[in-house]
Amino acid sequence: MTRTETLLILISQALANGFEFRRWYQANISPEWPGSEEAVAILVTEGRYYSLVFSHDFARALWKRGAQMNFIVPSATYSRMNGKGEVVTINRKPFTRRTIKADVWKYHLRQMAVTDDPIRYLKRFLPTHEGMQNQLEEAENLSVAG
């Protein structure tokens, strides 16, 4: 999936939660509106997509207030001191985190700021084909049971 495709999907999710992409673009990038696909192309080609993904308005809309959201925390290896003063290596396995905090967008902005590629971080929140299949199966099971 290209960066442009990823941004278009992320923007559509934010739009569904009340984000006004056109208004944001005209206020922050250019007063002239070229259309949504052309605006995304401009953001990507000029490397200005950082201003979008780190925008508080965009983040608030993407991580909707009070909404249940699942995301994968990647595996990590780090060292720390134990109670005896010895350095031990901790290997943390990847796990799924679920959150419904009201200001979760602030957490995700901080996490994006420390990653090498914020778009790659955001891809974790895109619905996967398997996730969509699971949602469809769950909906079918509920309709059969109900």
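Start with the second largest pocket: 15 residues line it, and Pro 74, Gln 111, Thr 115, Tyr 121 and Arg 124 lie nearest its centre. The model is predicted, so local features need pLDDT of at least 70 and side-chain atom pairs count only at pLDDT 80 or more, while totals for chains, interfaces and linings use all residues. Numbering runs from 1 along each chain as its sequence is written, and side-chain values use heavy atoms, with hydrogens and water left out.

Terms for this stop: on a 1 Å grid over the protein atoms alone, a pocket is an open set of points where a 1.4 Å probe fits, with protein on both sides within 12 Å along at least five of seven lines; lining residues have an atom within 4 Å of a point. Helices (H or I, at least four residues) and strands (E, at least two) are DSSP runs, numbered from the N terminus.

Select H6 next. It gives the most to the lining, with three residues. Colour the lining of the second largest pocket by class: seven nonpolar, three polar and five charged residues. The pocket holds about 310 Å³ of space.

Move to helix H1 (residues 3-16) and helix H3 (residues 36-45). Their axes come within 10 Å and cross at roughly 125 degrees. H1 and H3 are therefore oblique to each other (angles under 35 degrees count as roughly parallel, over 145 as roughly antiparallel, 65 to 115 as roughly perpendicular and the rest as oblique). Their crossing is right-handed. Show the side chains: Arg 3, Thr 4, Leu 7, Leu 8 and Ile 11 in H1 meet Glu 37, Val 40 and Val 44 in H3. Contact here means heavy atoms within 4.5 Å. By class, the H1 contact with H3 has five nonpolar, one polar and two charged residues.

H2 and H3 pack at about 45 degrees, with axes 11 Å apart. That makes H2 oblique to H3. The H2 and H3 crossing is left-handed. Select Phe 21, Trp 24 and Tyr 25 in H2; they meet Ser 36, Ala 39, Val 40, Ile 42 and Leu 43 in H3. This contact has seven nonpolar, one polar and no charged residues.

Conventions. Points joined across faces, edges and corners; volume = space filled by probe spheres on them. Nonpolar A, V, L, I, M, F, W, Y, C, P; charged D, E, K, R; others polar. Axes fitted to C-alpha atoms, helices over the stretch in contact; angles between N-to-C directions. Left-handed = near helix turned anticlockwise from the far one by under 90°.
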